[in-house]
Amino acid sequence: MTDAPTTARTVRAARGTTITAKSWQTEAPLRMLMNNLDPEVAERPEDLIVYGGTGKAARSWEAYDAIVRTLETLDDDETLLVQSGKPVGVFRTHAWAPRVLIANSNLVGDWATWPEFRRLEALGLTMYGQMTAGSWIYIGTQGILQGTYETFGAVARKLAARVPRGADSPTSARADAFPLAEVGNSAQLAGATLAGTLTLTGGCGGMGGAQPLAVTMNEGVVLIVDVDESRLARRVEHGYLDEYTTDLDAALERVLAAKAARVPLSVGVVGNAATVFTELLERNVPIDIVTDQTSAHDPLHYLPEGVSVEEWHELAASDPEAFTLRARASMAKQVAAMVGFQDAGAEVFDYGNSIRREAELGGFERAFAFPGFVPAYIRPLFAEGKGPFRWAALSGDPADIAATDRAILELFPEDEHLRRWITQAGEKVHFEGLPARICWLGYKERHLAGLKFNEMVASGELSAPVVIGRDHLDSGSVASPYRETEAMADGSDAIADWPLLNALLNTASGATWVSIHHGGGVGIGRSIHAGQVIVADGTPLAAEKIERVLVNDPGTGVMRHVDAGYDRAREVAHERGLRIPMEE
């Protein structure tokens, strides 16, 4: 039986200390579900779509209403089960059990294809949960902002360390020319920035909208291409993008002048990335860094050349197979241009949207000539259990986030990189929906922040509880051979036991809600990933749960990288007391 649609409406999470659920442990998932659909946050809230073109918070409005009713009446010894955006059962468990368990988009291997998923979705049997859309912990563009900031910071360090191998060397600019494990940890490179560089990228929507601010926070210049003018306008309005134009020549004049002056600037240009990237390559524009954040993981949400924005969705719906072929052909053209920039000396990387695989399917054989961002820049952080730690103020009061920012700086006074991020985020990040913050913390660090936040709630320094979660993009919670687990040292890229173990451990450790998803930002058949959220409500029980969850969750990342053979992970496990049976 399918879910009959009901009327869409504007949704906004409650603020303040008056709750409609029975406790903060159930009020928290209720507010975060609603926050995902806030018009300030969601991409198409009327369709329940949060980001990524297809990532939904609930399967239908009828399912959404049922989830809300259930959360408002759920007891603290009950657990709600949600199957691909529809509430399917409530069971008596216990106070340490999660209040909600979520599974989204999970298909058996041989059936894990886009056509089969779309057939089942049309029958009302499933939905695409992306990563944090269907797990109710999306916090708007900021959610990916720091990960993007960290990535571009690593690119800056790599460029600063680059030693020319000769003008005639075709591999002098290859992303594997300098192992990040050697470059990224060098103390003298810690202050490296992107000053004097120009980045070219595509996609300024829900996830891609973080790119321009991430580059300028690293003191670089960026030109970002998007087919949809409204996305660029929204990013300017929210402070993530400095300006935009429909004139490519005008945009180039602005960014090249800023590059020469070593002044940070972000400029958007309305256009198709396949067309614009190719033209810029042919014109020999001096571009230093190239990446992309279009919704390439789902070909129906990548606009092919020759199709207008106005006719986009109708054409995609009327003949998805033909549209897919056209989209892949355009992706092949865009990726060919990206490889051309790499051949010319630029730093080029896939930022996790599966565009290389789609381009390969579109007929471009060299699609994997450039690496994904995790093996190129982020894996040394993952080996330490470092990843995206995020929190949101359920009060709705920005002063609560300001207080937590101060607490983070007090907890980690020696971390200058973290201080730079928190300081700039406080000055430059526009809150979307409930005020929130993100920063990258590692194993035996995250729980210190969580316990501090819980103390602040208990003392009244924070006016209401805080939810603490993370992206599914973390060191131990995902198997994604085209992104987080690309090129693992032991060849275990596609082993999906790890995120399942992560979800099971977080459930056993006391997380407030836990989710297991398929597909994420790279598409059906290409990843399995897990998420957790825990509520700091100021109680002693919350403190006990926080200490276990926020130690164990990043600990699975260290464990996973020890198992894969990373020496730094072994060092961290030994230094911080993580037992690894095969290492004893």
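Predicted model: local features only at pLDDT ≥ 70, side-chain atom pairs only at ≥ 80, totals over all residues.
Which element gives the largest share of the lining of the second largest cavity? Helix α4 does, with four residues.

**Largest cavity**
- The largest cavity holds about 440 Å³ of space.
- Its lining is made up of 37 residues, and those closest to the centre are M207, G208, Q293, T294 and S295.
- By class, the lining of the largest cavity has 18 polar, 14 nonpolar and five charged residues.

**Second largest cavity**
- About 70 Å³ of space lies in the second largest cavity.
- Residues lining the second largest cavity include G143, I144, G147 and T151, and also Y351, F373, W440 and D471.
- Two or more residues of this lining come from each of α4 (142–161) and β13 (436–441).
- Seven residues in the lining of the second largest cavity are nonpolar, three are polar and one is charged.

**Packing of α16 and α18**
- Two packed helices are described by the angle between their axes and the distance between the axes.
- For α16 (residues 446–459) and α18 (residues 540–563), the angle is about 160° and the axes are 8 Å apart.
- Because angles over 145 degrees count as roughly antiparallel, α16 is roughly antiparallel to α18.
- The two helices, α16 and α18, cross in a right-handed sense.
- On the α16 side, the contact is formed by R446, H447, G450, L451 and N454; on the α18 side, the residues include A542, I546, L550 and P554.
- The contact of α16 with α18 has seven nonpolar, three polar and three charged residues.

Methods: Residues numbered from 1 in each chain as written. Heavy atoms only, no water. 1 Å grid on protein atoms, 1.4 Å probe; cavity = no way out; pocket = protein on both sides within 12 Å on 5 of 7 lines; lining within 4 Å. Points joined across faces, edges and corners; volume = space filled by probe spheres on them. Nonpolar A, V, L, I, M, F, W, Y, C, P; charged D, E, K, R; others polar. Axes fitted to C-alpha atoms, helices over the stretch in contact; angles between N-to-C directions. Parallel < 35°, antiparallel > 145°, perpendicular 65-115°, else oblique. Left-handed = near helix turned anticlockwise from the far one by under 90°. Contact = heavy atoms within 4.5 Å.
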